[in-house]
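Student: I have a two-chain model to read. Could you take me through its features one by one?

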Amino acid sequence: MAVGVKVVNRPGSLSQQLFVPAIAEGLGVTFRHFMKNFFLNVTGQRKKSDIATIEYPEEKKQYPERFRGLHRLMLREDGQVRCVACMMCPTVCPAHCITIVAEEAPDGKIEKRPKIFEIDELRCVVCGLCAEACPCDAIRMDSGEHAHPTYRRVDGILDKEELMSRGTASAAVQGGVGAFWREKVASKPQTPPSGDVAPLGPPPGPTPAIDLNRK
Amino acid sequence: MSEFFSYGHPGFAAVEAIAKILFMVLGFLMPLASILTWMERRESAMMQDRLGPNRANIGPIKAWGITHFLADALKFIFKEDYVPGKAHKFLFMWAPIMAMAPALIVAAIIPFGAPLCWGEMRETVGYGTACAQPVGLQIAQLNVGLLFYFAISSLSVYGATLAGWASHNKWAMMGGLRASSQMMSYEVTMGLAVLGAFLVFGTLEPGAIVSQQESITSWGIIYQPLGFILFLTAAIAETKRTPFDIPEGEPEIIGYFVEYSGMRFGLFFLGEFLEIVTSSAIMISLFFGGWHWGTHIDGFLAAHTPNIWIFPKSLIFSVLTIVLWSIKIVVFCMFQLMIRWSLPRFRSDQLMRLGWQRLLPISIANVVVTALLILLVQSWNH
């Protein structure tokens, strides 16, 4: 016999092969549930916890924390969009639903910002790769809302203002902490895990200063 | 004019027949089948710890959402009546009607209550006594009775097959083919299952069969328990419902009505529930005593039915028997709904194996054993 083959025997007992006793047993289970729920319903004593139904418009289910919902564009501290139009998200998007047109950012420290940022929520496959690819925590899918129904297809395309309307300030540092974060981590005093293992990173020495509060 | 309404006149027979047809179709079959569309969803919800459709209401009247069937009908009427471009228009239009009509037609032979004693309405009831002018509560008293049932109910296979063929859709075609093969296979078992009851009662006329089942101990189920199970299985297969819903096969081919929308789909939908009602009625007539509830209950009602105001006691007694008969039908329909929501479906080859290799030999054996027993009893008595 080949490796990994598990033989599952057919139901062999006579009562299962005859069908009728097995069917009667199954009907017994459903009948018991029916009678219980029917009489509790009639007398109005059916507990909410016994009902699997969620009566949607009135009560909504709490989505889990990592639920991927509608996109939102995060904001800087001054309310500007965090996105630097690096084109990571439209590149990685498997559904090609993100459109970015870049323009020069006025303040000079940041090179680019999106002039147009549109997401076609009707094409989006809600894979979350855009949020994964974003280097500056500018796009997120943690709004907890699913795509809204629309009467026209064009209403399913969300523009920059609408995406930003759900945005909040991000706790991440814009631009990251710089290219030398490994050295910074390594330079911090830390206890080696065991005797002879050398600490990660290059040996401690002078590292270039990084302005963490760079805007 | 008074002569026209006198008992035995052709005009009287015509008025009587029309009144019974109107009652049966508009007063019983259609309302019950419509409500069953709601009841199926609500009952399945109760079985699965859900709520089910409970929202539809007429103003403040909610009544557990029972008006959902009206909302459904309204929706069906206002939906687009779509006909696929390459469909065979004529057959596409007629297939839903051909699927539904047989279920209405077979109701003609079902006895649904005690006969009215015309002419002596205030003196006697149609139970135990021979009326001088009985008006049987059965639309057509046919001597071929059950053969008529098989002849007409097997026509409903045309509805499914033609719907599948006329849609010009591969899935619909598959569904139609599956429907025809399944219904042909199970009709054989169905006929043979009834043959046992036919041998016991010695007649094919449902009215005569019912009148032989006055006491509970003479119900068909006592003589033909196996025949009943076979007939029930075949009848569920004929209605094309789970566990025999291969022609619909929702997860794979959606079925012969995949191209239908609006009220045409509604007709298929309603036809399925009409078939449930009529097959329940046939089963009750054959195996559960028709409108009889045993000599005690029927006898008590017959002895104590009074004349109330303008309603003579014969009429009141007949109405009471119709109500009691309806209770049986509703319970039977609920049982069929419960079977649908308890069992998983068969695969197509399992279905054929069950039909041809298991049910058919068992039903033949049932007929042979029944015939031998009857022969034995008859020779014992002589």
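**Pockets, cavities and the interface**

Tutor: Start with the largest pocket: α9(B) gives the largest share of its lining, seven residues. Helices here are DSSP runs of H or I with at least four residues, strands are runs of E with at least two, and both are numbered from the N terminus. The model is predicted, so local features need pLDDT of at least 70 and side-chain atom pairs count only at pLDDT 80 or more, while totals for chains, interfaces and linings use all residues. Residues are numbered from 1 along each chain as its sequence is written, chains are lettered from A and ligands numbered from 1 in written order, and side-chain values use heavy atoms, with hydrogens and water left out.

Student: What volume does the largest pocket have, and which residues lie nearest its centre?

Tutor: General idea: rolling a probe the size of a water molecule over the atoms shows where empty space is left. On a 1 Å grid over the protein atoms alone, a pocket is an open set of points with protein on both sides within 12 Å along at least five of seven lines; a cavity is a set where a 1.4 Å probe fits but cannot get out; lining residues have an atom within 4 Å of a point. Points are joined across faces, edges and corners, and a volume is the space filled by probe spheres set on them. In this case, the largest pocket has about 1,300 Å³. It has 34 lining residues, with L18(A), F19(A), I23(A), F346(B) and L354(B) nearest the centre. The elements that give two or more residues are α1 (14–17) and α2 (20–43) of chain A, with α9, α12 (313–342) and α13 (348–381) of chain B.

Student: How does the lining of the largest pocket divide by class?

Tutor: Ala, Val, Leu, Ile, Met, Phe, Trp, Tyr, Cys and Pro count as nonpolar; Asp, Glu, Lys and Arg as charged; the others, Gly among them, as polar. The lining has 25 nonpolar, four polar and five charged residues.

Student: How many cavities of 30 Å³ or more are there?

Tutor: Four. Of its 13 lining residues, Y149(B), S153(B), E238(B), E275(B) and T278(B) are closest to the centre. α10(B) gives the most to this lining, three residues. The classes are six nonpolar, five polar and two charged.

Student: And which residues are closest to the centre of the second largest cavity?

Tutor: K240(B), Y256(B), F268(B), E272(B) and E275(B), out of 13 lining residues. The volume is about 100 Å³. α10(B) again gives the most, here six residues. This lining has seven nonpolar, three polar and three charged residues.

Student: How many residues of chain B are in contact with chain A?

Tutor: Contact means heavy atoms within 4.5 Å. By that rule, 20 residues of chain B meet 20 of chain A. Buried area is the accessible area (1.4 Å probe) that two parts lose on being put together, summed over both. Here that is about 1,700 Å², with 63% from carbon and sulfur atoms. M46(B), D49(B) and L51(B) supply 35% of the area that chain B buries against chain A, more than any other three residues.

Student: How many salt bridges cross the interface?

Tutor: The rule asks for a side-chain nitrogen of Lys or Arg within 4 Å of a carboxyl oxygen of Asp or Glu. It finds two between chain B and chain A. R55(B) forms a salt bridge with E58(A); their closest N and O atoms are 2.9 Å apart.

Student: Where is confidence lowest and highest among the helices of chain A?

Tutor: pLDDT is the predictor's confidence in each residue, from 0 to 100. Where it is low, the predicted coordinates should not be read in detail. In chain A, confidence is lowest in helix α6 (residues 181–187), at a mean of 69, and highest in helix α3 (residues 88–92), at 95. Residues 192–203 of chain A fall below 50; beyond near neighbours in sequence, that stretch has four contacts in the model. Chain A has a mean of 82, and 80% of its residues reach 70 or more. Chain B averages 90, with 99% scoring at least 70. For the complex, the predictor gives an ipTM of 0.85 and a pTM of 0.81.

Student: Which peptide bond is cis, and which residue has a positive phi?

Tutor: Most residues other than glycine have a negative phi, and most peptide bonds are trans. The bond from T242(B) to P243(B) is cis, with omega near 5°. P243(B) sits in the loop between α9 and α10 of chain B. A85(A) has phi near 55°. A85(A) lies in the loop between β1 (72–73) and α3 of chain A.
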